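Hi there,

Here is the structure I promised to pass on. Have a look, and my notes on backbone and pockets follow below.

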Amino acid sequence: MSTFTSPSTNGKNGTTNRTMNGTMSGTMNGTKNRPRHGSGNTRTTESARRPRLSGMTWLVWRQHRAAFWTILAATVLCVAWMVYQRGQLMDFLDSYGFPAKNLDDAGKRFDPYIGAFSSVTTGLTAIPVILGVLLGAPLLAGDLENGTAKLIAAQSVSRNRWLATKLALTGLVVVVSTVTLSAVFAWWWSPIKLDYVDIDWSSREFFNTTGPVPVALSLLCVFGGVLIGVILRRTLVAMVVTLGFAVAVQTVWGYFKLSLGDIVTATTKPVSPGTPITFPSSVPRTAHVLDTSYVSGSGKHFDLTTCTDTLSEAATTSCMKKADIVGASIDYIPISQMSSMQWLGASILFALTAGIVAFLFIWGRKRLV
């Protein structure tokens, strides 16, 4: 469309002006409507290269991507090693003739496979401590120490959203890692779990590395470390204090976990005082025995060291008869309670973790500047 309202008095000039104006206008309009040279390809390339994560989630991932990728890579390597070890274990069991033959008779031939369990459980039991110190403590303490928190607070993103994204993404990485390791380790142990008596299922090497327990312990140590970092606001100091906190959590948990089970008592039938005492045979082979004692006719319990200081068999018989010992009892927790104990204990640990997270949002967010 021409910009002139009337043609020029000179026909030639008028034609020229109309042509030039019309051409320039069309060219300008066409230039505005068409993408610049290569811009379409550039937009397509940028769209293809754009990360799937966006916004605050992308920012938090990028900020801690080294720690997150290290955790995930270590998980993959550990899983690969456990899968390999389970294959070795199954080959031995098949060649040995298990379960028709008892593993107690395998002797030293089975020692390398038990050694493989020991080497892996040493690392698995340390995971909550490692994650708490290296991931939890610096998560917010680093931002508070170097001033990143003030920069975030000055943006349009709320502190709650920033804190929620940090905790959610960190918790997701921890859960994925620990759930995977727990499941694969339980799968590796499962062929001999109910038959091999030399492995104590209630020990921290096996109780704390299977089921929901490693997940709950890791989350408690990590978020406890985050809270410590918010309070202390110094990365190195927070890491040292978190180390003590994580070790304390593991210690208290070790004393507390057996109280989650229901104690079962097996007692022999009473015999005449002075008669040789036999112990209950109904106790499962893989049960965790808490106490073994003698029982008197009145129901009183005596330690197994009773009457052991006598000098002759006749004197021992006389001592047992005098103490009115008529039987023996064994207190134990069967392995069948392991899963219920783990879930009950894990629910307590999850509740403590939820309390820490709530405290971080209610009080800690005021200190994120």
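Where is the place of P99? P99 sits in the loop between α4 (65-96) and α5 (111-125), with helices (H or I, at least four residues) and strands (E, at least two) taken as DSSP runs numbered from the N terminus. A cis peptide bond with omega of about 10° joins F98 and P99.

Before going on: this is a predicted model, where local features need pLDDT of at least 70, side-chain atom pairs count only at pLDDT 80 or more, and totals for chains, interfaces and linings use all residues. Residues are numbered from 1 along each chain as its sequence is written, and side-chain values use heavy atoms, leaving out hydrogens and water.

Most residues other than glycine have a negative phi. R233, which is not a glycine, has a positive phi of about 60°; R233 lies in the loop between α10 (213-232) and α11 (235-256). D324 also has a positive phi of about 60°, in the loop between α12 (313-322) and β4 (325-333).

Now the pockets (open sets of points on a 1 Å grid over the protein atoms alone, where a 1.4 Å probe fits, with protein on both sides within 12 Å along at least five of seven lines; lining residues have an atom within 4 Å of a point). Of its 17 lining residues, I71, A74, I127, I130 and L131 are the closest to the centre. α4 gives the largest share of that lining, 6 residues.

The second largest pocket holds about 180 Å³, and α11 gives the most to its lining, with 4 residues.

Best wishes

Terms used:
Grid points are joined across faces, edges and corners, and a volume is the space filled by probe spheres set on the points.
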